Each structure stands twice: as C-alpha cells, then as structure tokens.
Amino acid sequence: MESLYFVLSWLCHRTCEHCYEDRFRPYYGEELQRVAAQSRNNVPSIIEKLPDRMTYVDPADPDGSERTGRIILAGGEVLLEPIREPVLYPALRQLHEKYNKAGGVELIVQTTGDLLTGRLIDELLDHHVSVISVSGIDEYHEGLNQPEVRDKLIGKLTGLFVARGMEAWVPAAERRPGARYFHFFGATPDSWIGKLWPRGRAQQNELSTATLTDNFCNTWSGGLNFLRRRYNGSEVSIDPEGNVYPCCIKTKKALGNLLLDTLDDIIDRAVGNPVYEAISKGQPDRMGIQHGWSVEKFREKSRKTLPSGRVYENLCVGCDAFHEEVLIGNRGLVNISA
C-alpha cells in the first residue's frame, strides 16, 4: 500500500474542541492504565498483520517500478511518557525490522509538537523516523491561539530540526536519499481538514461549516482509492483496537479487525462490495443504491438539525446514517461483503 494512518493510542494531553475523535483526551488512574495496556498489547499483533511489503506502483509510471510506501504513527499524542517508550519506540523498531529488507518503508511520526525536545527528536531519528510531522499549528490548540505564538513554536522547532540535519518537507519525488524531513500543519481552512470533519468534539461543538459540496470522501485520507491497495493513492486508517477504516474520519462500522485478519484479506474482501467501491471512488452518495438507498435518499439522510437548531448538511452524515440503519446489526463486523 502507499500509506497507513496508524493511531497507536487514544491518550492525549489535550481536549481540543475541534478534535474529530472524542476518545483523544487525557486519561488518569485506572483508565490511563487500561488505555496504555490496550496499546502495549495490541500494537505488536497489529503490525504482524500488516502487508509483507509496504510498496506500491503508479500505473502512469513508464517503468512500473515499485515505490516505497509510508506508515504514519499518530495519536492522540504518541510522545506522552506512557506511550512513547512502551509503545511508540518498540513499534518503530518492529516496523523497521519488518520492512527493512522488503522494499523499505517511510516512517512518519505525527505529534502536536509542544512536547518535542532535542532529546526526543534524536530518539525518533535513532528509531529510523523519516519525517516528523507537527500537526498542532492552528488556533484551536490551547496556548496557540495567536499567530505570533504559533510562529514562535515553529521557529523553535525548526531550529531543533535543522540543527540535526533535517530539512523542510518536500514531495517524495523531490527528496534526497537518506535525508530526514520535518513538516508543520494544522486545522486551517486551506489545510488538513479544512472546514472540519463532522466528527467527535468538532461535531458536538458545532464547529464544522462544511456543506454537501464538501466531499471529504473524495480526498486523501477520506477513502478515495483505498481499495487499490497495490497502487498509488491507497490508504486506510487503523485504530488502537485493531479496527480498519477506509478513511481517517472513520465510518460507523469498521471494515475488519487486525487482531483477527490480515490487512490484505480485509481489503480484498471489500473489493467488489458496492458500498466500499463507492467510497473508494469518492462517491459516498452511491454507497446504498443496492440496498434501496437512492442518491436522493442518501442526500436527504445527509441532513440533520443540530442542538442549536442549525440545519447541517454533509455527506458524512449520510454515511453515518447508512451504516447505522443498514450495516450495523445486520452483518458481522468483518465479513460484510458477502
């Protein structure tokens, strides 16, 4: 595959109002122990079920040569102490060993950035990390509300990165062999989740202004091309429980679970299923046609009245309704393509 977005843990040190997943939050006491143990126990088994090779081909490439895929390790916040050394570092070692002689893999660690120090950057680089992606550069993160504060953090981290020979991120085709890169992004109108995914606390706090014309499914990390696992454009999302989703936003029902099946088998089983073919083509409003949901009905189901009284319309709402009304309870978690 070209890309896996692998959430290692629900643990975070923030409770951001715009977060797409309300399980990303601080945990304490027994809850913290449970969440940390879940990741410690599951992550090694999940990695065992990943593809034997993390490579892909671009059909438009004249020579058809294999390209190296990537695995993005994220949270939550993977640099928090209960996760960093017990989960993140062993995962990085396991992934490096799994793919080092099998076409390689680009390992990316995504972090909010405010916990990064020179020592932690050194440790990440020592664990074969190719890219450190700082995701918290936006006004929604507490303490980073003002542009000058965000600029100060970017300046500080850039100095730490450059001092270690890292370079500002560029597209893969422009990278130098062996170079390491850093990257900054955040939840801005022109970057990442744009008008905010209608999920988690972003939905609860009614922050999303997306409309029916904002088709998150038809974008990277939104399901587009996820079934084409051998080719460019393919990505799926994995959570700490081993559940696999066609998008980072997460459908209401998982495709399958990596504690039970290999990723190859989970994706291959979904090929030909009209529901998932529609998602993979970026046409979510067509996912229910064979179940009696016309495009018109899907779009009607994509409308809801929020607690404030505001009417909100987005195709993700229709996807949720279809999964809840048609798929959940009617078919098993894993084999829903039969």
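**Salt bridges and their setting**

Modeller: Arg199 is buried, at a relative accessible area of 9%; buried means under 20%, exposed over 50% and partly exposed in between, with a 1.4 Å probe and protein chains only. The model is predicted, so local features need pLDDT of at least 70 and side-chain atom pairs pLDDT 80 or more, while totals for chains, interfaces and linings use all residues. Numbering starts from 1 along each chain as its sequence is written, and side-chain values use heavy atoms, without hydrogens or water.

Asp320 is buried as well, with a relative accessible area of 8%. The side chains of Arg199 and Asp320 form a salt bridge, 2.8 Å from N to O. The term covers a side-chain nitrogen of Lys or Arg within 4 Å of a carboxyl oxygen of Asp or Glu. Arg199 sits in the loop between E8 and H5, whereas Asp320 belongs to helix H9 (residues 315–327), so this pair ties together parts that are 121 residues apart in sequence. Elements are DSSP runs numbered from the N terminus: helices are H or I with at least four residues, strands are E with at least two.

Over the whole structure, the search finds 24 salt bridges. One of them pairs the side chains of Arg70 and Glu2, at 3.0 Å from N to O. Arg70 lies in strand E4, while Glu2 lies in the segment before E1. The two residues are 68 residues apart, so distant parts of the chain are linked. Both Arg70 and Glu2 are buried.

Next, a pair with another setting. Asp122 and Arg164 form a salt bridge, with the closest N and O atoms 2.7 Å apart. Asp122 is in helix H3 (residues 118–126) and Arg164 is in the loop between helix H4 (147–163) and E7, so the pair ties together parts that are 42 residues apart in sequence. Asp122 counts as partly exposed, at 33% relative accessibility. Arg164 also counts as partly exposed, at 29%.

Two strands pair if DSSP finds at least two bridges between them. Inside the order, strand E6 (residues 131–134) and strand E8 (residues 181–184) run parallel and are joined by 4 bridges. Val134 stands opposite Phe184 in E8.

A cis peptide bond joins Gly75 and Gly76, with omega about 20°.

After H6 comes Gly272, whose phi is positive, near 90°.

Two residues other than glycine also have positive phi. Ser221 has phi near 70°. Its place is in the loop between helix H5 (200–204) and E9. Ser221 is buried, at 19% relative accessible area. Leaving out residues up to four places away in sequence, Ser221 touches Glu235, Cys247, Cys248 and Ile249; contact means heavy atoms within 4.5 Å.

Lys250 is the other case. Its phi is about 80°, positive although the residue is not a glycine. Lys250 lies in the loop between E10 and E11. At 8% relative accessibility, Lys250 counts as buried.

To return to the charged pairs: Arg199 with Asp320 meets at 2.8 Å, and Arg70 with Glu2 at 3.0 Å. The Asp122 pair with Arg164 comes to 2.7 Å. Arg70 and Glu2 are buried, whereas Asp122 counts as partly exposed.
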